[in-house]
Amino acid sequence: MPSFALHDARDLAVLWQTTLGRLRFEVNEHAFAAYLEGTRPSAVDGSCLIVEAPRPFALDWLNFQFAAVVGRVVSELAGVELSVTFLAMRVHDAAPLFAPPAVAVAPTRPGMIGALNCAYTFESYVVADGNKVAHGAC
């Protein structure tokens, strides 16, 4: 059984990613995508792991349905007994703990597929009953 030392935010992030990897196999894939994807660890407060969830409406479900399962997996991986509490993600901290380094990408112009017919212009568009809404939106 692996054991994690929780000394800093990086250790906590590694523990949480490992936990999510295990939970992906233990939880229904739709429930995982709806509730656990996008969560991130915030801190360890005593024997409680605080996890932030990006969707506040899911907090009740996470705390009452998933907290025990997640706590069991986290405790097994950490090697110490930890409970889990889910809180709303702070808006000003919406970026992940460890974002990949930004890579400068030169803007590229997408290639054109096919050829343009210059006869098809907005001015020559014929408005009919079936396309009035689309024409009005343009």
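Reader: Which residues point each way from β2, and what makes them count as buried?
Author: Cys-48, Ile-50 and Glu-52 point one way, Leu-49, Val-51 and Ala-53 the other, and all are buried. Buried means under 20% relative accessible area, with exposed over 50% and partly exposed in between (1.4 Å probe, protein chains only). Strand β2 covers residues 48-53, and six of its six residues are buried. Strands are DSSP runs of E, at least two residues; helices are runs of H or I, at least four; both are numbered from the N terminus.

This is a predicted model, where local features need pLDDT of at least 70, side-chain atom pairs count only at pLDDT 80 or more, and totals for chains, interfaces and linings use all residues. Residues are numbered from 1 along each chain as its sequence is written, and side-chain values use heavy atoms, without hydrogens and water.

Reader: How do you know that β1 and β2 pair?
Author: Pairing takes at least two bridges found by DSSP between two strands. β1 (residues 40-45) and β2 have five, so they pair, in the antiparallel sense. Pro-41 has Val-51 as its bridge partner in β2.

Reader: What joins β2 to β3?
Author: Six bridges join β2 to β3 (residues 83-88), and the two run parallel. Ala-53 stands opposite Ala-88 in β3.

Reader: Why are α1 and α3 called oblique?
Author: The axes of α1 (residues 9-26) and α3 cross at roughly 130° and come within 10 Å. Axes are lines fitted to C-alpha atoms, for helices over the stretch in contact, and angles run from 0 to 180 degrees between N-to-C directions. Under 35 degrees is roughly parallel, over 145 roughly antiparallel, 65 to 115 roughly perpendicular, and the rest oblique. Therefore α1 and α3 are oblique to each other.
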